[in-house]
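Subject: Structure for you to look at

Hello,

Here is the structure I promised to pass on. My notes on it follow below.

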Amino acid sequence: MHKSVFGVIASVLVVSGAFVLQSAWSVQASSRERQGPDVPFTLNGKTWKNQLEFIDAGLRCGTKQHDVAQRFRIDEEVGRILKLRGYEKGARPGGGPGGGGGTPAAVTIPVVFHVITNGAQGALSDQQIAAQIDVLNDSFRGQTGGVDTLFSFNLVATTRSSNSAWFTMGYNSAEEAAAKEALRQGGPDTLNIYSANLGGNLLGWATFPSSYNGSPSDDGVVVLYSSLPGGSAAPYNGGDTATHEVGHWLGLYHTFQGGCQSGDSVTDTNAERSAAFGCPTGRDSCSGKRFPGLDPITNFMDYTDDACMFLFSGGQSSRAADQWNAYRN
């Protein structure tokens, strides 16, 4: 069962003995925020000085983040669209203008999974893909300790392509564009996931809902094939690279977006100065009266290890619903 190590957790503090190996992290980040075990970190055949060097290289996620002006414009646009369509802010996704009334039901998002190989590497079994869909459903339906976001996922098709150029596609590359142009299916409400051996040593990237109208063929999520459940990309092989990137696809930002100043446009994720990694229990990088609360290291939109992530917040759920109703519904 996804994240079964956590059991029932009533707070965002990770207290499980499963993280004994991360004991070096268990200090207030105000004094050791960016330090970690100084041991070589290897992922996908490449070695960095340590995991911090990997994170600081920006390789956990390649999604192009919006700057403050872009975020303000998009939030204003979402408000206008929802008002024009008669939706209340925070209404359940797909529930109809005014929120739809009644008991909230999940929107079922059709998923088309595109497996890209080079003929020798990258193959994924139907069971691995099914396990990834299970992880998405567990995560977005709140079954791993977080808030139910009212989204569920249904695999409707799988494609398999052997193409050496596509297999090592980089972010915003000609190879990515060609693969998506050839393979993408459905409209704004269909989640297309592409697995490959990504160029630039990235784990994944995604497009935001607000980008769909301008570039529909680019829409979707790209993940390192070995990041799926049971893959070789430890400690990022529990399937939460896809969870994180689908969060972007639904309009969520990194929890550390904007550092201690501008935040991630969600009020109930505590401020965080920079990306966390490993599982730094007790980290408090924006300490003081102005920034109460520990860093949201267990949130899917941080950069911690897959075993450390297990929740979305209520504010993230509401934001995703608004983005869905404005751009994908």
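At roughly what angle do the axes of helix α4 and helix α7 cross, and within what distance do they come? Bear in mind that this is a predicted model. Helix α4 covers residues 126–140 and helix α7 residues 240–249; their axes cross at roughly 55 degrees and come within 9 Å. An angle of that value makes α4 oblique to α7. The crossing of α4 past α7 is right-handed. On the α4 side the contact is made by Gln 132, Val 135, Leu 136, Ser 139 and Phe 140, and on the α7 side by Asp 240, Ala 242, Thr 243, Val 246 and Gly 247. Sorted by class, these are five nonpolar, four polar and one charged residues.

Next, the nonpolar cores. The largest one has 58 residues, and Phe 54, Ile 109, Ile 116, Phe 153, Leu 191 and Leu 250 have the most contacts inside it. Strand β3 (residues 107–117) supplies its largest share, six residues. Another core, of nine residues, lies apart from it and includes Ile 74, Ile 81, Tyr 87 and Tyr 253.

Leaving aside neighbours within four places in sequence, Phe 153 is in contact with Ile 109, Val 111, Ile 133, Leu 136, Asn 137, Phe 140, Leu 191 and Val 246. Among these, Leu 136, Phe 140 and Val 246 also take part in the contact of α4 with α7.

Last, Ser 195. This residue lies in strand β5 (residues 191–196) and is buried, because its relative accessible area is 0%. Not counting residues up to four places away in sequence, Ser 195 touches Phe 113, His 114, Val 115, Ile 116, Leu 124, Val 223 and Tyr 225.

Regards

Key. Residues are numbered from 1 along each chain as its sequence is written. This is a predicted model: local features need pLDDT of at least 70, side-chain atom pairs count only at pLDDT 80 or more; totals for chains, interfaces and linings use all residues. Side-chain values use heavy atoms; hydrogens and water are left out. A nonpolar core is a set of buried Ala, Val, Leu, Ile, Met, Phe, Trp, Tyr and Cys residues joined through side-chain atoms within 4.5 Å. Buried means under 20% relative accessible area, exposed over 50%, partly exposed in between (1.4 Å probe, protein chains only). Helices (H or I, at least four residues) and strands (E, at least two) are DSSP runs, numbered from the N terminus. Contact means heavy atoms within 4.5 Å. Axes are lines fitted to C-alpha atoms, for helices over the stretch in contact, and angles run from 0 to 180 degrees between N-to-C directions. Angles under 35 degrees count as roughly parallel, over 145 as roughly antiparallel, 65 to 115 as roughly perpendicular and the rest as oblique. A crossing is left-handed if the near helix is turned anticlockwise from the far one by less than a right angle, and right-handed if clockwise. Ala, Val, Leu, Ile, Met, Phe, Trp, Tyr, Cys and Pro count as nonpolar, Asp, Glu, Lys and Arg as charged, and the others, Gly among them, as polar.
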